Amino acid sequence: MTTTVAVPVSRLKFFAISWFAVVMGLGGTAVAWHKADKVLAIGLPIGAALGYVAVAAFVAIAAIYLLKAQRHPDAVAAEFAHPIRLSFFPAFSISLILLSVVFMEAAPRFAFWLWAVGVPIQLGLSLYVITAWIRQDIFQVQHSNPAWFIPVVGNILVPVAGVAFAPAELSWFFFSVGLFFWLALFTLILNRMLFHGMMPERLIPTLFILIAPPAVAFISYLRLTGELDNFARILYYLAVFFTLLVFMQWRLFAKLEFYLSWWAGSFPMAALTVATFLMFETTGQTFFAGLGGVFLAILSGLVVLLIFLTARGVASGTICVEEK
C-alpha cells in the first residue's frame with residue numbers, strides 16, 4: 001500500500017503582477033497629499049512619508065516578483081499569456097513614472113532617472129499588449145474589463161513629469177496615443193458591460209479605473225498647455241461623472257470579498273483628487289478646494305482600509321493563492 005503525500009505549492013508562484021497596483025495607489029496618494037499641502041497649506045509631511053513608503057513597496061514587490069520569475073518562470077509566462085492579467089504588466093512602468101512625479105520637486109535627479117527608465121518600458125509594454133490584442137486569438141468579449149485601461153493610463157501619465165525632463169513633443173506623443181486608445185477601449189468595455197453580463201466578482205473593483213483616464217488626462221493636458229480651456233474642462237467633468245457613476249454602485253461593492261483588485265480604486269481616486277485641487281488653483285473657486293478635501297478624505301480612508309485588508313489577507317493566507 002502506497003501513501004500519497006501532498007506537496008504544498010509555494011505561494012510565491014501565485015504572487016501576481018497586479019501587486020504593482022499597490023505602488024500606484026500609494027504613489028498616487030502621496031502626490032495627492034503633496035498637492036493638498038501646497039494648495040491648502042496643511043503643513044503635514046504625509047505626502048513625503050507616503051512617497052518613501054511607495055518606494056519601499058516598489059522595491060519589495062519588484063524583488064519578490066523577480067524571485068518568482070527565477071523560480072517559477074512558467075507562472076510568469078502564464079500571466080503574460082493571460083487575457084486579463086496581461087494588462088497589469090504596465091503597472092510596473094506606471095509605478096516608475098508615478099514615483100518620478102512624487103519626487104519631481106524634492107529629488108529632481110532621482111525623479112528624472114525613474115522617468116527615463118519607466119518611459120521606454122511603458123512604450124515597450126504598450127506595444128506588446130496592443131500587439132497581443134491584435135494578433136492573438138485567445139481574447140473574447142468577456143475578457144474585456146476596465147483593467148485594459150492600465151496600459152492607456154501609463155501613456156497619458158508620461159507628460160506629468162515629462163514636460164520637465166524632455167522635449168514637449170515626446171510628451172505629446174504619449175498623450176495622443178493614450179487618449180486615442182482610451183476612447184477606443186471605452187467603447188469596447190461599455191459594449192461588454194451592457195450586453196455580455198456582469199464581470200466576475202474579483203474584477204468588479206476595476207470599475208474604479210473608469211475614473212483614471214480622464215482624470216490623468218486632465219492633469220497631463222494642463223501640464224502640456226498651462227491653461228484651463230474647454231477641452232480640459234470636458235476631461236475633468238468626465239472624471240467627476242465616472243466617479244458619481246462608480247459611487248452609485250456602492251451596494252454592489254459592499255457585497256464583495258476583499259481581492260487585490262480593490263487596489264484598483266486607489267490610484268483613480270488619487271488622480272481625481274489632484275485634478276480637483278488643480279481646478280481650484282486654476283479657477284480660484286473655493287468649491288473645488290472643499291471638493292478636493294472631500295476626495296482626499298475618501299482616498300485616505302480607502303488606502304488605510306486597503307493596507308489593513310491586504311496585511312490581514314497576507315497573514316491569513318488568502319492572498320497569493322491559486323484562483324479557483
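**Gaps and helix pairs: a quick tour**

Okay, let's start inside the protein: Ile130, Trp133, Pro151, Val152, Asn155, Val177, Gly178 and Phe181 line the second largest cavity. Keep in mind that this is a predicted model. The space in there is about 40 Å³.

Around the largest cavity you'll find Ala21, Met24, Phe88, Ile150, Val153, Ile209, Ala212, Trp263, Ala264, Phe267 and Pro268. That lining has 11 nonpolar residues, with no polar and no charged ones. Here α1, α6 and α11 each put in at least two residues.

Helices α1 (20–40), α4 (90–102), α6 (150–165), α8 and α11 (266–283) each supply at least two. By class, the lining of this pocket has 16 nonpolar, 4 polar and 5 charged residues.

On to how helices pack. Two packed helices are described by the angle between their axes and the distance between the axes.

Take α1 and α2, where α2 covers residues 46–71: the angle is about 165° and the axes are 8 Å apart. Angles over 145 degrees count as roughly antiparallel, so that is what α1 is to α2. Their crossing is left-handed. On the α1 side, the contact residues include Phe20, Leu26 and Trp33, and on the α2 side they include Ile46, Phe58 and Ile61. The contact divides into 15 nonpolar, 5 polar and no charged residues.

Our other pair is α7 (residues 168–195) with α8 (residues 212–225), packed at about 155° with axes 11 Å apart. These two are therefore roughly antiparallel as well. The crossing of α7 and α8 is left-handed too. Who touches whom? Ala168, Ser171, Trp172, Phe175, Leu179 and Trp182 of α7 meet Pro213, Pro214, Ala217, Ser220, Tyr221, Leu224 and Thr225 of α8. In that contact there are 10 nonpolar, 3 polar and no charged residues.

That's my tour, thanks!

How values were computed:
Residues are numbered from 1 along each chain as its sequence is written. This is a predicted model: local features need pLDDT of at least 70, side-chain atom pairs count only at pLDDT 80 or more; totals for chains, interfaces and linings use all residues. Side-chain values use heavy atoms; hydrogens and water are left out. Axes are lines fitted to C-alpha atoms, for helices over the stretch in contact, and angles run from 0 to 180 degrees between N-to-C directions. Helices (H or I, at least four residues) and strands (E, at least two) are DSSP runs, numbered from the N terminus. Angles under 35 degrees count as roughly parallel, over 145 as roughly antiparallel, 65 to 115 as roughly perpendicular and the rest as oblique. A crossing is left-handed if the near helix is turned anticlockwise from the far one by less than a right angle, and right-handed if clockwise. Contact means heavy atoms within 4.5 Å. Ala, Val, Leu, Ile, Met, Phe, Trp, Tyr, Cys and Pro count as nonpolar, Asp, Glu, Lys and Arg as charged, and the others, Gly among them, as polar. On a 1 Å grid over the protein atoms alone, a cavity is a set of points where a 1.4 Å probe fits but cannot get out, and a pocket is an open set with protein on both sides within 12 Å along at least five of seven lines; lining residues have an atom within 4 Å of a point. Grid points are joined across faces, edges and corners, and a volume is the space filled by probe spheres set on the points.
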